[in-house]
Amino acid sequence: MTAAALLLCVILILINVAIGCQPPNCQNVDCGTCVEACCKLEWNVTGTNASSLAQQIETALKAGGPDGLYSYWGTTPNQGPLTFVVQGKHSTATMHYNDTLNFGVMSGGVDNCTVQAFSHSQDFITGDFAYCDEGQNYKNLVTIIQALGNLKYEQMILFGCPPPK
């Protein structure tokens, strides 16, 4: 390999690190599942109810989340089978794209609930298109659930953000 080719490889790697998802939790890369990149997860949560969990998600978003780049949009009760829908966004650390976040919380009883969490890459980017996400949508979601403390939950990927092979 020539020195110029080696230098080009190093530059491309550095650019990818600078503009991509910042680890941890970037391993579930999506490319075009929702035309743009997206991720939909389901968490079956035990030890809390829908109202309490929706409030915890809302509080985390209002506080900016663990990285300070989350924001809260609103909470709406009783949307079809969903007891609460909590909405917000996450601005990426490097390129400042805004990804849409939706957390649909369904009551499962006194001490359990289910959350369908969805993150969608920014739609309108001048001169660009968010076809692949470097794992950012997956990270947007799991970072919030992990930040809520010692919740007991099982996670399932519903679509997008496949696990690494």
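## Model and confidence

Local features are taken from this predicted model only at pLDDT of at least 70, and side-chain atom pairs only at 80 or more, while totals for chains, interfaces and linings use all residues. Residues are numbered from 1 along each chain as its sequence is written, and side-chain values use heavy atoms, with hydrogens and water left out.

The protein chain has a mean pLDDT (the predictor's confidence in each residue, from 0 to 100) of 89, and 88% of its residues reach 70 or more. Residues 5-18 stay under 50, and the model has 5 contacts (heavy atoms within 4.5 Å) for them beyond four places in sequence. Where pLDDT is low, the predicted coordinates should not be read in detail.

Strands here are DSSP E runs of at least two residues, and helices are H or I runs of at least four, each numbered from the N terminus. Two strands pair if DSSP finds at least two bridges between them.

Strand 1 (residues 38-46) pairs in the antiparallel sense with strand 5 (residues 112-120) over 9 bridges, and Trp 43 stands opposite Val 115 of strand 5. Strand 1 also pairs in the antiparallel sense with strand 6 (residues 152-160), over 8 bridges; here Leu 41 stands opposite Ile 157.

## Helix 2

Let's turn to the helix. Helix 2 (residues 50-62) has 13 residues and reaches 18 Å from its first C-alpha to its last, close to the expected 18 Å, which is 1.5 Å times one less than its number of residues. After the helix comes Gly 64, with a positive phi near 95 degrees.

Ala 50, Leu 53, Ala 54, Ile 57, Glu 58, Ala 60 and Leu 61 are buried in helix 2 (under 20% relative accessible area with a 1.4 Å probe, protein chains only; exposed is over 50%, partly exposed in between). They lie on the same side of helix 2 because they cover an arc of only 165 degrees around the axis, taken from the directions from the helix axis to the C-beta atoms. Their cover includes strands 1, 2, 3, 4 and 5 and helix 3.

## Asn 102

Asn 102 sits in strand 4 (residues 98-109) and counts as buried because its relative accessibility is 19%. Its side chain makes a polar contact with that of Gln 87 at 2.6 Å (a pair of N or O atoms within 3.5 Å; within protein, one must be able to donate a hydrogen and the other to accept it, and residues adjacent in sequence count only if both atoms are side-chain atoms). Beyond its neighbours within four places in sequence, Asn 102 is in contact with residues including Val 85, Val 86 and Phe 118.
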